[in-house]
Amino acid sequence: MANLKEIRGRITSISSTMQITRAMKMVSAAKLKKAQDAIVMLRPYSEKLQEIIQNVSSSSDSDNVSAFAQKREVKKVLIIAVTSNRGLAGAFNSSIVKELNLQFQNNAQYEVEVLPVGKKVYDAVRKSRTVYTNGSSVYDNLNFDAVAHITEGVMTSFREGKFDEVYVIYNKFVNAATQEVTTEQLLPISMPENTEPQVETDYIFEPNRTEILDNLIPKSIKTQVFKAILDSVASEHGARMTAMHKATDNAQALKNDLVIFYNKARQAAITNEILEIVSGAEALKNS
């Protein structure tokens with residue numbers, strides 16, 4: 001049985017841990033609001049951009065297909081995996097690594113490379129998989145330009161035929177307590193098929209449809225990757241806030257159990273001392 005000094009030390013240690021987890025929870029809660037606002041504002045823009053591309057491409061010449069929409073025989077696949085640079089967020093990072101390994105199994109017949117965005121997924125794949133490039137530096141100064149720079153390299157590689165398909169895996173933010181692991185096909189983009197007769201409309205495009213698509217499609221791809229990273233950032237803060245909340249509650253429960261155990265041990269020690277004193281007094285009285 002641990003002595004009273006050891007129990008007091010454990011109680012002090014748990015109290016210090018509670019202060020840390022409580023502080024981390026408050027920091028994540030503050031950052032979550034900003035990250036949540038960013039992704040909520042970006043989603044309508046991304047969806048509207050997709051809608052414009054669908055509308056313009058549906059009335060364009062089917063023979064004039066964008067280079068980013070061309071489907072070819074799949075031989076090489078690139079997977080963009082988005083995690084965080086830090087841990088202590090529950091299953092936030094491990095769920096992405098698990099989904100990535102599942103994608104490796106599903107695409108075992110192809111040559112697969114990984115573009116890790118986040119140190120956690122980079123550490124998980126750098127020794128066992130082929131890394132296209134390490135994109136973890138985008139978190140140093142997260143903005144659209146930094147993400148667009150990485151995405152441009154991916155788009156160039158796809159256009160040059162180095163990759164036949166590109167996927168992105170990330171945690172989609174639902175709310176502070178819920179994050180969904182999502183896998184989306186980034187390239188080639190899906191274009192609408194003209195299976196139904198279109199109503200003839202007299203639109204005047206300036207510039208022409210081809211130039212509009214050539215400008216909108218790359219911007220849409222960059223926005224899709226940026227949205228995935230913002231989703232992941234919001235999900236990270238939500239997951240960490242939830243994890244630290246649970247850690248604080250568990251620490252409090254453990255501390256309460258130790259305090260009860262300490263009080264019982266202290267009471268037993270005092271009782272033993274009293275018994276020794278009484279026994280000594282009785283022995284002196286009878287001698």
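V278 is located in helix α5, which spans residues 209-286. The model described here is predicted. With a relative accessibility of 44%, V278 is classed as partly exposed, because that class lies between the limits of 20% and 50%. Together with I270 and I274, V278 makes up a nonpolar patch on the surface. The accessible area of these three residues together is about 240 Å².

The largest nonpolar core contains 41 residues. Elements that contribute two or more residues to this core are α1, β1 (76-82), β2 (111-117), α4 (144-159), β4 (165-175), β5 (178-187) and α5. Of these, α5 supplies the largest share, with 13 residues. The residues with the most contacts inside the core are I80, V82, V117, V166, L187, I221 and I229. Apart from neighbours within four places in sequence, I80 touches L115, V117, V154, V166, Y167, V168, I169 and L186.

S28 belongs to helix α1, which covers residues 4-58. S28 has a relative accessible area of 4% and is therefore buried, the cut-off being under 20%. When neighbours within four places in sequence are set aside, the contacts of S28 are with H237, R240 and M241. S157 is part of helix α4. Its relative accessibility is 4%, so S157 counts as buried. Beyond neighbours within four places in sequence, S157 is in contact with Y132, K162 and F163. S157 and L78 stand 79 residues apart along the chain, and their C-alpha atoms are separated by 9.9 Å.

At the level of the whole chain, five helices and five strands are present. Their order from the N terminus is α-β-α-β-α-β-α-β-β-α. The radius of gyration of the chain is 29 Å, whereas a compact globule of 287 residues would have a value near 19 Å. Along the principal axes, the C-alpha atoms occupy a box of roughly 120 × 40 × 35 Å. Buried residues account for 38% of the 287 residues. The accessible surface of the chain amounts to about 16,800 Å², and 52% of this belongs to carbon and sulfur atoms. Of the contacts between residues at least 6 apart in sequence, 77% connect residues at least 24 apart.

Methods: Residues are numbered from 1 along each chain as its sequence is written. This is a predicted model: local features need pLDDT of at least 70, side-chain atom pairs count only at pLDDT 80 or more; totals for chains, interfaces and linings use all residues. Side-chain values use heavy atoms; hydrogens and water are left out. Patches are made of residues with over 30% relative accessible area and no salt bridge: like charges are joined within 9 Å, nonpolar side chains (Val, Leu, Ile, Met, Phe, Trp, Tyr) within 5 Å. Accessible areas come from the Shrake-Rupley method with a 1.4 Å probe; for residues, only the protein chains shown count as cover. A salt bridge is a side-chain nitrogen of Lys or Arg within 4 Å of a carboxyl oxygen of Asp or Glu. Helices (H or I, at least four residues) and strands (E, at least two) are DSSP runs, numbered from the N terminus. Buried means under 20% relative accessible area, exposed over 50%, partly exposed in between (1.4 Å probe, protein chains only). Contact means heavy atoms within 4.5 Å. A nonpolar core is a set of buried Ala, Val, Leu, Ile, Met, Phe, Trp, Tyr and Cys residues joined through side-chain atoms within 4.5 Å. The radius of gyration is taken over C-alpha atoms; the globule rule is 2.2 Å times the number of residues to the power 0.38.
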